[in-house]
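I opened this entry to record what I looked up in the model.

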Amino acid sequence: MVSVGFIHAQNTDAVVENIVKEATENSQLERLAHEMLDVIGPRLVGTPQMKQANDWAVAQYGEWDISARNEKWGEWRAWDRGITHIDMVHPRIQSLDGMQLAWSPSTGSKGVTAEVIILPTVKDSLEFNNWMKSVKGKFVMTSMYQTTGRPDYNWEEFATDESFENMKKERDSLSTEWYANLKRMGYNSRNINQALETVGAAGIITSYWSKAFGSNKIFSARTEKIPTVDIELEDYTMLYRLAKYGSKPRVKIVAESKDLGVATNYNTIAEIKGSEKPDEYVIMSAHFDSWDGGTGATDNGTGTLVMMEAMRILKKVYPNPKRTILVGHWGSEEQGLNGSRAFVEDHPEIVKNIQAVFNQDNGTGRVVNLSGAGFLHAYEYLSRWLEPVPNDISKHIETNFPGSPSGGGSDNASFLAAGAPSFNLSSLSWSYWNYTWHTNRDTYDKIVFDDVRSNAILTAILVYMACEDPNRASSEKIILPVNARTGEQRTWPEPRSPQRKGGLND
C-alpha cells in the first residue's frame, strides 16, 4: 500500500478551485438526499418507486441543463410494498417491530391471526415429516434463536473475559446444532420456507439479525402464497421463548402488498458531450436501486448523490469537457449487477473507448482506498489525476498498484471484465456492514455529509483530469499470479450477461 498523502500539489488550476468552491458553497447534497430518500424512498427493482426515481433523476438533470435519459435494460416482477403491522395478541398484547420481506404475498387488509410455533429438534427427516402435519394454519419461526442482542464490541467493552468466552461458545454450539438439525430435517435455510408453505403454514416469521443493535437485513420472501415477515431480534427472541416454554403465542400479521405484473426496468444515463474527443468516455458509476428494509441511504443513495453532485458541478465549472462524460445510475445491482452488465453488453462502441470508470458504492464514508484494479500502468495515470486533489482529501487515500481485478461486488466489475479501466472509490466503513448494508436502518440520518461532499469533490476532479489528459489511459492488464490453493493460473474475470427477466415464472 502506497500512501498518496504526501501529495501537496499547489493547486493553481482554476477548474479545480472552482470545483471545490462550488461543492463547498453551493452544495445540493442535502436537498437531493431528502428528495430521493425521504420523498421517493427505497428503490427495489420492479417497484413503482424505482421508476419514480429514474424519472426524478432525469428531471433533475434537466434542471441543470444536462442531457439525460432512461434506457431500458430488462424486465422484473412488479411489486408494491404496502403496510405491515405485526401484533402479538396472546398471551398479552404487544405491537412487534418487523416488516414483510420484498415480494412477499399479501395477507389482505384484514390480515392473518395464528399461533406461532418453532422448528422442532429431530433425529431424522422421517420425524420431521411427521411433525409437518402439525404446521397447518400456524406461523412458523425459521431463523435461529440468538443468545444475545448485543454486538461483540459491546461484550468486549463490558464483559469479563470468561463471560465473553462463555457466550461465544454457547452461540457457536447453538449455531452448529441449528444447521445440523436442518440437515437432519432434509432441508436448508434456502428451501425450508417453501416446504412449510406446501403443508399449509399460515406464514413464515424470520429474523436475519445483522449483529448490530436494532439492525436486521431485509431481503426477499421465498414464499408464493403466504406472507413472510422479518421481526427484529428483540421481539423475535421473545416470541421464540414464549413458544418454546409452551405459552402458545398468537400473532396477527397484516402485510399488504400488490403484485403489479411485469415492470420495465431502466438505467438512468446523463451525458455532457466531449468537445475534442466526443467518442472517448469518462464514466461516473453508481447503482440506483436498493433493498427496501430502509431507504437505501448508504447503499447506494450516497454513491448516487456523489455522482449527481459531481455531474452538476462539472456542468457548471467545466461545461465543455474534452472527452464525453457519462453518469450511469444502474438498475438491479443488488440482484447481480444487472443494469451495468446490460449497459456493457448493449454498448460495445462505448466500452471500447472508455478512458476511465469511477464507481462508488460502499457507504457514506470518505474515500480511503483506490486500487489499480490489475491494470499494469494505472499508477502512472491515476497518480497524475490525483495530484491536484486537495490535501485534506487526498491525505486519507491509500493507493494499491497495480492491484487486482474485482470479479464482482459492485458495478465497476462489469466494466472491468470487459477490459475497460474501471476503479472503485472505496470508502471508510462507518460500521456499514453491520448497521446499514441491506438493513432496516439504512436511512437518511446515517449519511455523513462532510464525507459525501469530499467524495463529490474527489470524483469531479478525477473526472476532469481524466477528460483533460492528452493520453489515452492504458488498459494493459497484469499477468495474474498462480492460485496457491489450486496451483492454476488465475485468469481475468469474463463478462457476464445480465438477468434480463427477474422474479418471473416464465
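**Aromatic pairs.** I counted 24 aromatic pairs, taking rings of Phe, Tyr and Trp (its six-membered ring) as paired if their centres lie within 6.5 Å, and calling planes under 30 degrees apart stacked, over 60 edge-to-face and the rest tilted. I looked up Tyr236 and Tyr240, which form a tilted pair with 6.4 Å centre to centre and 40° between the planes. Both residues lie in helix α8 (residues 233-244), four residues apart, about one turn of the helix. I take helices (H or I, at least four residues) and strands (E, at least two) as DSSP runs, numbered from the N terminus. Tyr236 and Tyr240 are both buried, where buried means under 20% relative accessible area, exposed over 50%, and partly exposed in between (1.4 Å probe, protein chains only).

Next I checked Phe358 and Phe423: the ring centres are 6.4 Å apart and the planes are at 35°, so this pair is tilted. The pair links distant parts of the chain, with Phe358 in strand β12 (residues 354-359) and Phe423 in strand β15 (residues 422-427), 65 residues apart. Phe358 has 0% relative accessibility and therefore counts as buried. Phe423 is buried too, because its relative accessible area is 0%. I also noted one aromatic cluster, formed by Phe358, Phe375, Tyr381, Trp385, Phe423 and Trp492.

I then looked for a charge over a ring (NZ of Lys or CZ of Arg within 6 Å of the ring centre and within 35 degrees of the ring normal). Lys168 lies over the face of Phe164, at 4.2 Å from the ring centre.

**Basis of the values.** The model is predicted, and I kept to its rules: local features need pLDDT of at least 70, side-chain atom pairs count only at pLDDT 80 or more, and totals for chains, interfaces and linings use all residues. Residues are numbered from 1 along each chain as its sequence is written, and side-chain values use heavy atoms, with hydrogens and water left out.

**Strand β5.** Which strands pair with β5, and in which sense? Strand β9 (residues 250-272) pairs with β5 in the antiparallel sense over four bridges; I count strands as paired if DSSP finds at least two bridges between them. Strand β6 (residues 139-141) pairs with β5 in the parallel sense over three bridges. Thr113 has Lys252 as its bridge partner in β9, and Ile118 stands opposite Met141 in β6. From β5 the chain crosses through helix α4 (residues 125-131) to β6, a right-handed β-α-β crossover (with the strands pointing away from the viewer, the path from the first strand over the helix to the second runs clockwise). Strand β5 (residues 112-118) is mostly covered, with five of its seven residues buried.

**Thr364.** I found Thr364 in the loop between β12 and β13 (367-371). Thr364 counts as buried because its relative accessibility is 3%. Leaving aside neighbours within four places in sequence, Thr364 is in contact (heavy atoms within 4.5 Å) with residues including Thr298, Thr302, Trp430 and Asp451. A polar atom of the Thr364 side chain lies 2.8 Å from the backbone nitrogen of Val448.

**Thr264.** Thr264 lies in strand β9. Its relative accessible area is 31%, so Thr264 is partly exposed. Not counting residues up to four places away in sequence, Thr264 touches Lys72, Gly74 and Glu75.

Conventions. Polar contact = N/O pair within 3.5 Å; in protein donor to acceptor, adjacent residues only side chain to side chain.
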